[in-house]
Amino acid sequence: MKFMIAFAVVLGVALAVPVSEDKDAQVLKFDNDVGSEGYSFEYDTSNGIKAQESGQLKSFGDDVSAVVVKGSYSFTAADGQVYTVNYVADENGFQPEAAHLPQA
């Protein structure tokens with residue numbers, strides 16, 4: 001179950017990052033660590049996409065636990081500006097923060 005949650009989070013981040021026109025982008029850096037109580041990963045690509053994330057198993061009481069996630073990703077948009085999103089996903093839901101996102 002933990003790995004399914006971790007996979008879903010990684011997939012969500014991958015889908016959230018815009019697709020670059022650079023189809024020949026190379027992975028410059030990739031690190032990951034998966035354990036029984038959590039995980040982390042980080043990658044950089046030659047077209048400027050960067051992401052890092054970590055998740056830790058957190059207990060919320062009797063037989064209730066979930067992975068709490070913190071991370072960020074950045075990319076260079078077509079306008080040449082680098083956009084960065086920092087996020088937390090926990091018992092309060094997915095909470096992204098970025099200068100280009102509307103504020104509540």
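The legends below describe close-up views of a predicted model.

Residues are numbered from 1 along each chain as its sequence is written. In this predicted model, local features need pLDDT of at least 70 and side-chain atom pairs count only at pLDDT 80 or more, while totals for chains, interfaces and linings use all residues; side-chain values use heavy atoms, with hydrogens and water left out.

**View 1**
Strands here are DSSP runs of E with at least two residues, numbered from the N terminus. Two strands pair if DSSP finds at least two bridges between them. Strands of a sheet pair through backbone hydrogen bonds, either parallel or antiparallel.

**View 1. Strand 1 and strand 2 form a hairpin.**
Three residues connect strand 1 to strand 2 in this hairpin. Strand 1 covers residues 27-34, and strand 2 covers residues 38-45. The two strands run antiparallel and are joined by seven bridges. Strand 1 is hardly covered: of its eight residues, the count that is buried is zero. Buried means under 20% relative accessible area, exposed means over 50%, and partly exposed lies in between (1.4 Å probe, protein chains only).

**View 2. T45 lies in strand 2.**
The bridge partner of V27 in strand 2 is T45. T45 counts as buried because its relative accessible area is 15%. Residues up to four places away in sequence not counted, T45 touches Q26, V27 and L28; contact means heavy atoms within 4.5 Å. The side chains of T45 and N47 are joined by a polar contact of 2.4 Å. A polar contact is a pair of N or O atoms within 3.5 Å; within protein, one must be able to donate a hydrogen and the other to accept it, and residues adjacent in sequence count only if both atoms are side-chain atoms.

**View 3. A salt bridge links E42 and K29.**
The closest N and O atoms of E42 and K29 are 3.2 Å apart. A salt bridge is a side-chain nitrogen of Lys or Arg within 4 Å of a carboxyl oxygen of Asp or Glu. The structure holds two salt bridges. E42 is in strand 2 and K29 in strand 1, so the E42–K29 pair links distant parts of the chain, 13 residues apart. E42 is partly exposed because its relative accessibility is 30%. K29 is also partly exposed, with a relative accessible area of 31%.

K58 counts as partly exposed, at 35% relative accessibility, and E91 is partly exposed with a relative accessible area of 45%. Neighbours within four places in sequence aside, K58 is in contact with V64, S65, A66, V68 and E91. The C-alpha atoms of K58 and D90 are separated by 9.1 Å, and these residues are 32 residues apart along the chain.

**View 4. D63 sits in the loop between strand 3 and strand 4.**
Phi of D63 is near 55°, a positive value in a residue other than glycine. D63 counts as exposed because its relative accessible area is 82%.

**View 5. The largest nonpolar core has 13 residues.**
Those with the most contacts inside this core are Y39, F41, Y43, A51, V69, Y73 and F75. Strand 2, strand 4 (64-76) and strand 5 (82-90) each supply at least two residues of the core. Strand 4 gives the most, with four residues. A nonpolar core is a set of buried Ala, Val, Leu, Ile, Met, Phe, Trp, Tyr and Cys residues joined through side-chain atoms within 4.5 Å. In soluble globular proteins, nonpolar side chains tend to be buried together.

**View 6. Strand 5 and strand 6 pair in the antiparallel sense.**
Five bridges join strand 5 and strand 6. F94 in strand 6 stands opposite A89.
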